[in-house]
Amino acid sequence: MVITVAIAVANMATEHPAIHPLSPLQQRSEDAAARAQALDASRSFIVQAPAGSGKTELLIQRLLVLLAQVDEPEEIVAMTFTRKAAGEMQRRVLQALQQARAEPCPGDVPHKALTWNLARAVLQRDAARGWQIESNVSRLRLQTIDSLCASLTRQMPVLSRFGAQPEPIEDASP
């Protein structure tokens, strides 16, 4: 079993454009190369970029790449920091699958065409393996780090040494 990790972090710091040594064309070329590398399922990576730069779409594309390769969707665990982000990722995966099923490939926008093609590959894998992922969305393990840890302790209560099932709390102050 190979475990790959993808982490997206919003970079709140802004770069001063005059300091950047690359031209805009070189920056786009580097960005495209880095995005292509991030879709290599045999490698782990961290995505660090400002808000609105396409981090979520890149992670959705990576998730689609992985789904097209695994035997079962549960083999993939995608973690994020918030429930809202996990819900957004789930919504976007389902949206990509629905668009790939019902709409023609948006060939005029390269990143959307890539997502569409990756989603088509997942739909083919879904049909071949009988996942019915669109109607069994719980098979997509898109969760927060906290929920992953909680599910692990529930699976191994003796090893976790908690005694009773742990419960998350919002405020741990005394």
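Modeller: A definition first: helices (H or I, at least four residues) and strands (E, at least two) are DSSP runs, numbered from the N terminus. This is a predicted model.

Colleague: Is Arg139 buried or exposed?
Modeller: The cut-off for buried is under 20% relative accessible area. Arg139 has 17%, so Arg139 is buried.

Colleague: Which residues is Arg139 in contact with, leaving aside its neighbours within four places in sequence?
Modeller: Take the C-alpha distance to Glu75 to begin with: 9.4 Å, for a pair 64 residues apart in sequence. With neighbours within four places set aside, the contacts of Arg139 are Glu72, Pro73, Glu74, Trp131 and Ile133.

Colleague: How many helices and strands does the protein chain come to, and in what order do the elements run?
Modeller: The secondary structure comes to 6 helices and 4 strands. Read from the N terminus on, the order is β-α-β-α-β-α-α-β-α-α.

Colleague: What share of the contacts with a separation of 6 or more comes from residues 24 or more positions apart?
Modeller: The protein chain has 174 residues, and 29% of them count as buried. Among its contacts with a separation of 6 or more, residues 24 or more positions apart account for 65%.

Colleague: Which element gives the most to the largest nonpolar core?
Modeller: That core has 30 residues, and Leu63, Leu64, Leu67, Val93 and Leu97 have the most contacts inside it. Two or more residues come from each of β2 (45-49), α2 (55-67), α3 (83-102) and α4 (110-129). With 8 residues, the element that gives the most is α2.

Colleague: Which residues does Leu97 contact, leaving aside neighbours within four places in sequence?
Modeller: Leu97 is one of the core residues with the most contacts inside the core. Beyond four places in sequence, Leu97 is in contact with Leu64, Ala119, Val122, Leu123, Ile133 and Glu134.

Colleague: At what angle do α2 and α3 pack, and how far apart are their axes?
Modeller: Two packed helices are described by the angle between their axes and the distance between the axes. For α2 and α3, these come to about 60° and 10 Å.

Colleague: How do the residues of the contact of α2 with α3 divide?
Modeller: α2 passes α3 in a right-handed crossing. Thr56, Glu57, Leu59, Ile60, Leu63 and Leu64 of α2 meet Met89, Arg92, Val93, Ala96 and Leu97 of α3. They divide into 8 nonpolar, 1 polar and 2 charged.

Colleague: Is α2 roughly parallel or roughly antiparallel to α4?
Modeller: The angle between α2 and α4 is about 30°, and their axes are 8 Å apart. Angles under 35 degrees count as roughly parallel. Therefore α2 is, relative to α4, roughly parallel.

Colleague: How do the residues of the contact of α2 with α4 divide?
Modeller: The crossing of α2 and α4 is left-handed. On the α2 side, the contact is made by Glu57, Gln61, Leu64, Val65 and Leu67; on the α4 side, by His111, Lys112, Leu114, Thr115, Leu118, Ala119, Val122 and Arg125. The division is 7 nonpolar, 3 polar and 3 charged.

Colleague: What separates the C-alpha atoms of Val70 and Arg125?
Modeller: Val70 lies in the loop between α2 and β3 (77-80). Because its relative accessibility is 12%, Val70 counts as buried. Val70 touches Glu75, Ile76, Arg125 and Trp131, with residues up to four places away not counted. Arg125 is 55 residues from Val70 along the chain, yet the C-alpha separation is 8.7 Å.

Colleague: Is Gln143 buried or exposed?
Modeller: Gln143 belongs to strand β4 (residues 141-144). Leaving aside neighbours within four places in sequence, Gln143 contacts Val77, Ala78, Met79, Thr80, Ala86 and Leu148. Its relative accessible area is 14%, so Gln143 is buried.

Colleague: What separates the C-alpha atoms of Arg141 and Met79?
Modeller: Arg141 is also found in strand β4. At 26% relative accessible area, Arg141 is partly exposed. Its contacts beyond four places in sequence are Glu74, Ile76, Val77, Ala78, Leu148 and Ser151. Arg141 and Met79 lie 62 residues apart along the chain, with a C-alpha separation of 8.2 Å.

Conventions:
Residues numbered from 1 in each chain as written. Predicted model: local features only at pLDDT ≥ 70, side-chain atom pairs only at ≥ 80, totals over all residues. Heavy atoms only, no water. Core = buried A, V, L, I, M, F, W, Y, C linked by side-chain atoms within 4.5 Å. Buried < 20%, exposed > 50% of the residue type's maximum accessible area, 1.4 Å probe, protein only. Contact = heavy atoms within 4.5 Å. Axes fitted to C-alpha atoms, helices over the stretch in contact; angles between N-to-C directions. Left-handed = near helix turned anticlockwise from the far one by under 90°. Nonpolar A, V, L, I, M, F, W, Y, C, P; charged D, E, K, R; others polar. Parallel < 35°, antiparallel > 145°, perpendicular 65-115°, else oblique.
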